[in-house]
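Trainee: I would like a close look at a single part of this model. Please take me through the salt bridges.

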Amino acid sequence: MKQVNATRIGSLKEKDPDKRGVLEVLDVPVPTVGENDVKIKVAYCSICGSDPHSVEGIFGPRVPIGMGHEISGVVVELGAKATVTGLKVGDRVAGNFLCYCGTCYYCRNGQQQYCTNTFGHFSPGMSEYVVWHENQVYKLPDSVSLRTGCMLEPLSIAVRVNDKANIKVGERVAIQGGGPIGLLILQMMKKRAATSLTLIEPIAERRELAKRFGADHVIDPASQDVVAECMKITNNLGYDCVVEASGFIPAAKIPIQIAANEATLMYISMFDNTYEMPINNFDVFHQRELTFTATRVAPYSFPRAVQMLEHMDLEPFTKKSFFIDDAIEAFDCHMSGQHPKILINCNKDLADK
């Protein structure tokens with residue numbers, strides 16, 4: 001079967017072809033189905049912002065590395081004991097790319113994201129077929145297309161961020177970074193009655209999407225003084241919650257500068273893994289009592305994310321797609337930032353369904 005793999009580690013932004021990361025569509029064996037597994041014919045796998053980081057080697061230098069984890073598809077085979085979720089062949093599904101064991105200390109302590117047996121079960125999503133454990137798979141609502149269904153995993157991240165942000169009605173919220181996750185979080189924050197809801201984003205089209213999704217204010221960091229604008233919006237009080245979703249190192253400290261006293265700052269984007277952000281302990285902790293937190297994947301949020309699929313505006317994220325044979329072009333398009341999201345259609349007969 002066809003599968004998109006990184007076959008050389010390096011940045012996809014690198015101009016020197018000898019240093020650039022390399023993606024290829026390889027012919028690999030179809031994974032075997034275990035007794036508690038589900039075999040899925042993949043319709044769509046969307047490109048995540050973390051996928052280029054995989055090519056850079058942030059998650060390890062080994063190659064080839066199978067790409068992708070944001071999938072939708074159709075069940076084509078069930079293992080002999082795959083009965084817990086009540087799935088059947090022909091069901092339209094999406095899912096969680098991580099398989100939690102359920103028995104280690106962290107799983108039993110309500111901390112699935114630290115499962116000590118998680119990553120051994122990963123089946124890359126940019127493939128014609130994946131085989132996932134039944135506890136990873138969720139049936140899509142009848143009203144949700146396969147094209148939209150591949151947004152389940154990123155939507156689960158937005159659910160997780162909203163859980164940890166725990167904002168109260170009327171609290172002021174700013175989001176730095178208008179990529180897919182930032183925009184999904186913005187939609188959910190709007191539903192939670194955030195006020196002064198502000199997106200900080202240099203790409204004009206994404207600022208316009210933020211307005212469509214309910215943003216009260218948008219700021220262009222390329223042409224505006226972000227801190228001054230934020231203080232103007234909040235009457236010099238700052239924001240009660242600031243979500244950093246850009247991963248842009250020069251802007252890493254802005255959330256601190258625009259935070260209100262006792263604000264929650266959520267650093268959910270993936271910075272270079274060698275970056276260490278300097279902060280003034282006296283100001284941040286003793287004077288202003290700021291709370292810093294983050295997210296590591298999305299445990300316990302998928303059932304609610306499935307419920308939200310029908311209540312979110314996901315159409316702008318699913319417009320642009322490429323066939324799996326054109327995956328390298330798809331990644332180039334993703335890196336250009338021209339579209340909020342890029343999908344890869346892994347089986348042509350499931351396109352636009």
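Mentor: Start with lysine 190 and aspartate 216, which form a salt bridge with their closest N and O atoms 3.4 Å apart. A salt bridge here is a side-chain nitrogen of Lys or Arg within 4 Å of a carboxyl oxygen of Asp or Glu. The pair links distant parts of the chain, 26 residues apart. Lysine 190 sits in helix α5 (residues 180-191), and aspartate 216 in the loop between α6 (204-212) and β11 (217-219). Helices (H or I, at least four residues) and strands (E, at least two) are DSSP runs, numbered from the N terminus. Lysine 190 is partly exposed at 35% relative accessible area; aspartate 216 is also partly exposed, at 38%. Buried means under 20%, exposed over 50%, partly exposed in between (1.4 Å probe, protein chains only).

The model is predicted: local features need pLDDT of at least 70, side-chain atom pairs count only at pLDDT 80 or more, and totals for chains, interfaces and linings use all residues. Residues are numbered from 1 along each chain as its sequence is written, and side-chain values use heavy atoms, leaving out hydrogens and water.

The whole structure has 18 salt bridges. One of them joins glutamate 35 to lysine 81, at 3.8 Å between the closest N and O atoms. These two lie 46 residues apart, glutamate 35 in the loop between β2 (22-27) and β3, lysine 81 in the loop between β5 and β6 (92-95). Aspartate 283 and arginine 288 meet at 3.2 Å, N to O. Here the aspartate 283 side is partly exposed at 28%, while arginine 288 is buried at 15%. Arg212, Asp313, Glu315 and Lys319 form a salt-bridge network.
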